[in-house]
Amino acid sequence: MAVIAQFQPLDRGIVSDEIPAFFIGRNREGFWVARDANGRIGGIFLLQNSAVSFAKRNSEPKGCATIFPSEGIELDLENRGNPLVAYLGSLMRFATRLRQQTARLHRQMTEAVKRRLKDP
């Protein structure tokens, strides 16, 4: 089971209120997430570069600090990133379930054939 980072307030000695900060990391499905530290905006992306660009674009003209947590992160806001990622995530979950069901069926059929060959 993956560890999910909890969004904690940032140390004001490191990042000031004048500099927006964004957390950028992967979610449990492997997509890239960008979320501002104050929880105002965030998005899900296919590429890390897209998540970083989103952070920069939403902190113009000042720029931003980027924080890359070692744990996975999940977007807890409306997805303002790539709208197709949500559909792709659903499709990936469906494909995973289908692959698991197919593997289970294959094992059952293999066992049935082995029993049949054993008892003619």
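Are Phe 45 and Phe 54 buried or exposed? Both are buried, where buried means under 20% relative accessible area and exposed over 50%, with partly exposed in between (1.4 Å probe, protein chains only). All the views come from a predicted model, in which local features need pLDDT of at least 70, side-chain atom pairs count only at pLDDT 80 or more, and totals for chains, interfaces and linings use all residues. Residues are numbered from 1 along each chain as its sequence is written, and side-chain values use heavy atoms, leaving out hydrogens and water.

**View A. The largest nonpolar core has 9 residues.** Here are Phe 22, Ile 24, Trp 32, Ala 34, Phe 45, Ala 51, Val 52, Phe 54 and Ala 55. A nonpolar core is a set of buried Ala, Val, Leu, Ile, Met, Phe, Trp, Tyr and Cys residues joined through side-chain atoms within 4.5 Å. Two or more residues each come from strand S1 (21-26), strand S2 (32-36) and helix H1 (48-57); H1 gives the most, with 4. Helices (H or I, at least four residues) and strands (E, at least two) are DSSP runs, numbered from the N terminus.

**View B. Val 52 meets Ile 24 and Phe 68.** Those are its contacts once neighbours within four places in sequence are left aside; contact means heavy atoms within 4.5 Å.

**View C. The whole structure has 2 aromatic pairs.** Rings of Phe, Tyr and Trp (its six-membered ring) pair if their centres lie within 6.5 Å; planes under 30 degrees apart count as stacked, over 60 as edge-to-face and the rest as tilted. Phe 22 and Phe 54 are edge-to-face, because their ring centres sit 6.3 Å apart with the planes at 90 degrees. Phe 22 belongs to S1 and Phe 54 to H1, so this pair ties together parts 32 residues apart in sequence. Phe 45 and Phe 54 make a tilted pair, since their centres are 5.1 Å apart and their planes at 50 degrees.

**View D. H1 has a buried side and a face turned away from it.** Ala 51, Val 52, Phe 54 and Ala 55 are buried in H1. Down the helix axis, the buried residues fall within an arc of 155 degrees (taken from the directions from the axis to the C-beta atoms), so they line one face of H1. They pack against S1, S2 and strand S3 (42-45). The face turned away carries the exposed residues Asn 49 and Lys 56.
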